[in-house]
Amino acid sequence: MAKEYEQSASLLEINKLERTVFMNLQIKSLKSKFEDLINEKNEAVESLTQEMKFSDYKYLIFSQEFSKRKQIIDEDKILNFKAKFPIENIDEKNIYATHPVYEYLQAKVYYYRVLGDFEQAFKSKTKVINWWEKNKIYKKEYFPKYISDLKNYVSLSYSNKRLDLIPAILDKIEKEKPNTFHQERLIFNTLALSKMLFFLNENQFEEAKNFVNEIEGKFSKYYIRKALKISIFGNFAVLFFILSEFETCIHWVDKIIEHKKNEQRQDVQRY
């Protein structure tokens, strides 16, 4: 299974155990077996080193720059940023293993978003989505990460004025077959926010109203973070205000008021 999922860290542990086993067995082809194990070890180490390097880039860019929600504008800071994270100098063709490619592409998304280059960020995120399509075996193992990538792809589609892509992405999320209740909840939470926003942005108000009726009864079934719940209910309130259905609008505003002690999404709570 470790080989199937290309888990380099697990492969290294297995490699160490196999050495001990072969040593104890004292088989005739011991030298050949050890040479094979050393070659396998070298490949796993190289793959893991690449993966962790790009993972470091991703998390450092996010924690130091992207989490501030500010683009770098100062030219000196841009040069320092590029020197610290030389992502543009890396040839993707030289990354031969599966997981390092994913971490590299994710790092590129954050890298270009910090630089305000949303077109390149979008192209990198498109490659991330293509990575999932090429490596479907990992969807089950890393389902939350997969859904998160699709959700972020929706966000970047807005930034790049590619609203034409969004229905297909939402449809992809909706058609995913969850294997656990947690995965089912994750899909519900993602669609409750993203699908509603799409309907509002596209002035598809009747479709939005039907969607509210479809999912309203499910809010008691799934745990939803307060900040997310406030955002979802805020979209519902906006919808029914637009439709001049003010009693229903007030109903959802009251739902928001129930969370008035929550410090998150104060912008929505000011309704």
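# Chat: aromatic pairs and helix packing

Guide: The structure holds 26 aromatic pairs, where rings of Phe, Tyr and Trp (its six-membered ring) pair if their centres lie within 6.5 Å.

Visitor: How is the pair of Tyr102 and Trp131 arranged?

Guide: Tyr102 and Trp131 are tilted, at 4.8 Å centre to centre and 50 degrees between the planes. Planes under 30 degrees apart count as stacked, over 60 as edge-to-face and the rest as tilted.

Visitor: And where in the chain do Tyr102 and Trp131 sit?

Guide: Tyr102 is in helix α4 (residues 98-114) and Trp131 in helix α5 (residues 118-134), so to speak distant parts of the chain, 29 residues apart. Helices (H or I, at least four residues) are DSSP runs, numbered from the N terminus.

Visitor: What should I know about the model and its numbering?

Guide: This is a predicted model, in which local features need pLDDT of at least 70 and side-chain atom pairs count only at pLDDT 80 or more, while totals for chains, interfaces and linings use all residues. Residues are numbered from 1 along each chain as its sequence is written, and side-chain values use heavy atoms, with hydrogens and water left out.

Visitor: What is the average pLDDT of the protein chain?

Guide: The average is 84, and 78% of the residues score at least 70. pLDDT is the predictor's confidence in each residue, from 0 to 100.

Visitor: OK, new topic. At what angle do α10 and α11 pack?

Guide: Helix α10 (residues 205-215) and helix α11 (residues 226-242) pack at about 135 degrees, with axes 10 Å apart. Axes are lines fitted to C-alpha atoms, for helices over the stretch in contact, and angles run from 0 to 180 degrees between N-to-C directions. That makes α10 oblique to α11: under 35 degrees is roughly parallel, over 145 roughly antiparallel, 65 to 115 roughly perpendicular and the rest oblique.

Visitor: Which residues make that contact between α10 and α11?

Guide: From α10 come Phe205, Ala208, Lys209, Val212 and Ile215, and from α11 Phe236, Leu239, Phe240 and Ile242. Eight are nonpolar, none polar and one charged. Ala, Val, Leu, Ile, Met, Phe, Trp, Tyr, Cys and Pro count as nonpolar, Asp, Glu, Lys and Arg as charged, and the others, Gly among them, as polar.

Visitor: What about α11 and α12, how far apart are their axes?

Guide: The axes of α11 and helix α12 (residues 246-257) are 8 Å apart, at an angle of about 165 degrees. That makes α11 roughly antiparallel to α12. Among the residues that meet are Phe233 and Phe240 in α11 and Trp252 and Val253 in α12. The contact divides into 11 nonpolar, two polar and one charged.

How values were computed:
Helix = DSSP H or I, 4+ residues; strand = E, 2+ residues; numbered from the N terminus. Contact = heavy atoms within 4.5 Å.
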